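Here is a short briefing on one structure. Look it over first, then read the points below.

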2 protein chains.
Amino acid sequence: MPGMKIGDLATRTGTNAPTIRYYEEIGLIPRADRQDGGQRRYGDEDVKRLTLIRRCREFGFPIEQVRSLVALAEEPGRSCLEARDLAREHLMAVRAKLHELKVLEQSLARFVASCETACAGGPGPDCTILGDLATPSSQARTLSEAGQTARRLRARR
Amino acid sequence: MPGMKIGDLATRTGTNAPTIRYYEEIGLIPRADRQDGGQRRYGDEDVKRLTLIRRCREFGFPIEQVRSLVALAEEPGRSCLEARDLAREHLMAVRAKLHELKVLEQSLARFVASCETACAGGPGPDCTILGDLATPSSQARTLSEAGQTARRLRARR
DNA sequence: GTAGGTCTTCAAGTAACTTGAGGTTCAAGA
DNA sequence: TCTTGAACCTCAAGTTACTTGAAGACCTAC
């Protein structure tokens, strides 16, 4: 009776139940306590852990990267500098993604807006505005650099 | 001699060459012109198309979603309203992601900063700050809602 | 003309889930 | 107390989106 079951944890963290079982299987989260019938029970720290995991996964950080971040979060006695460096690298990658995402957002917003005014009703023939969406970003290297970062992060386990 | 080869397109868009071949195979990009020896040649519009594709993929939009967006970008005569609606849905999803990413960025930044001051040198024992990273976001539903959106977008082909 | 880097196809491998089958558990209502 | 239906269990197979490898062809530069 203490703690929530897998379905509750799932809805609270925006994860599917099978995914949670999968994470347990690969050891990304610790094996959950079972009650008599064998059903898993979870507590608040499981919500926290899984939230962190999902947030990272949502933005393309590979499981192995997430695993090391989670490990740092769990063992507080470990080298603080190591944690900081890992977090800093993570942060840089996140910022690169943030930048790219803003570019995408602006292009889309501009597209929707011009759609609104251009073809107010019928099928407009001059709706080539999407071309704008596809222009390589100002520096023309941001995308590939973000890729680089991601790949580098992946490489170092 | 006209146009660039696959390696050039790859570096310009931050894509691997095999991925480009794969995209051609599944029909996400049109079959490239070949020169005598059978090697693919690309032009500027290929850079644009692939940039758009990669930008969308980078943020988790499934291939089939990207396919329809690209299709809209190619056929300008098509229903403008349809394009707008699709783009608008896309935009909402992007904004949700943007919000989540900002939360992640701030948590990471705060973590790095407090690491800086707390353990300026040796291994600090009180480095439990990572717990902060894992707190469910303010509304406690943002993450799952973003998931919802993504799933809905995926569902409608 | 030959060396090496880049290209070709095709097949198999990988990551991170997702879905399905077939059965068990549990809380709630009759 | 019994029963029924939703939610759980395990295990296996399927899916998406690539990635890697093998074995060979091409092409530019010396």
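Which residues have the most contacts inside the largest nonpolar core? They are Ile20(A), Ile53(A), Ile20(B) and Ile53(B), in a core of 70 residues. This is a predicted model, in which local features need pLDDT of at least 70 and side-chain atom pairs count only at pLDDT 80 or more, while totals for chains, interfaces and linings use all residues. Residues are numbered from 1 along each chain as its sequence is written, chains are lettered from A and ligands numbered from 1 in the order in which they are written, and side-chain values use heavy atoms, with hydrogens and water left out.

**Core and a buried residue**

- A nonpolar core is a set of buried Ala, Val, Leu, Ile, Met, Phe, Trp, Tyr and Cys residues joined through side-chain atoms within 4.5 Å.
- In soluble globular proteins, nonpolar side chains tend to be buried together.
- Ile53(B) touches Tyr23(B), Leu28(B), Ile29(B), Val66(B) and Val70(B), leaving out residues up to four places away in sequence; contact means heavy atoms within 4.5 Å.
- Glu24(A) sits in helix H2 (residues 17-25) of chain A; helices are DSSP runs of H or I with at least four residues, numbered from the N terminus.
- With a relative accessible area of 12%, Glu24(A) is buried (buried means under 20%, with a 1.4 Å probe and protein chains only).
- Beyond four places in sequence, the contacts of Glu24(A) include Ile29(A), Arg40(A) and Tyr42(A).

**DNA strand C**

- Of the atoms of DNA strand C within 4 Å of the protein, 88% belong to sugar and phosphate.
- H2(A) gives the most to the surface near DNA strand C, namely four residues.

**DNA strand D**

- Around DNA strand D there are 19 residues, with Gly7(A), Arg21(A), Arg40(A), Thr19(B) and Arg57(B) the closest.
- Sugar or phosphate holds 89% of the atoms of DNA strand D within 4 Å of the protein, and bases hold the rest.
- A polar backbone atom of Gly7(A) is 2.7 Å from a phosphate oxygen of DNA strand D, and a polar side-chain atom of Asn16(B) is 3.2 Å from one.
- H2(B) supplies the largest share of the surface near DNA strand D, four residues.

How values were computed
Buried means under 20% relative accessible area, exposed over 50%, partly exposed in between (1.4 Å probe, protein chains only). A residue is near a molecule or strand if one of its heavy atoms lies within 4 Å of it. A polar contact is a pair of N or O atoms within 3.5 Å; within protein, one must be able to donate a hydrogen and the other to accept it, and residues adjacent in sequence count only if both atoms are side-chain atoms. Helices (H or I, at least four residues) and strands (E, at least two) are DSSP runs, numbered from the N terminus.
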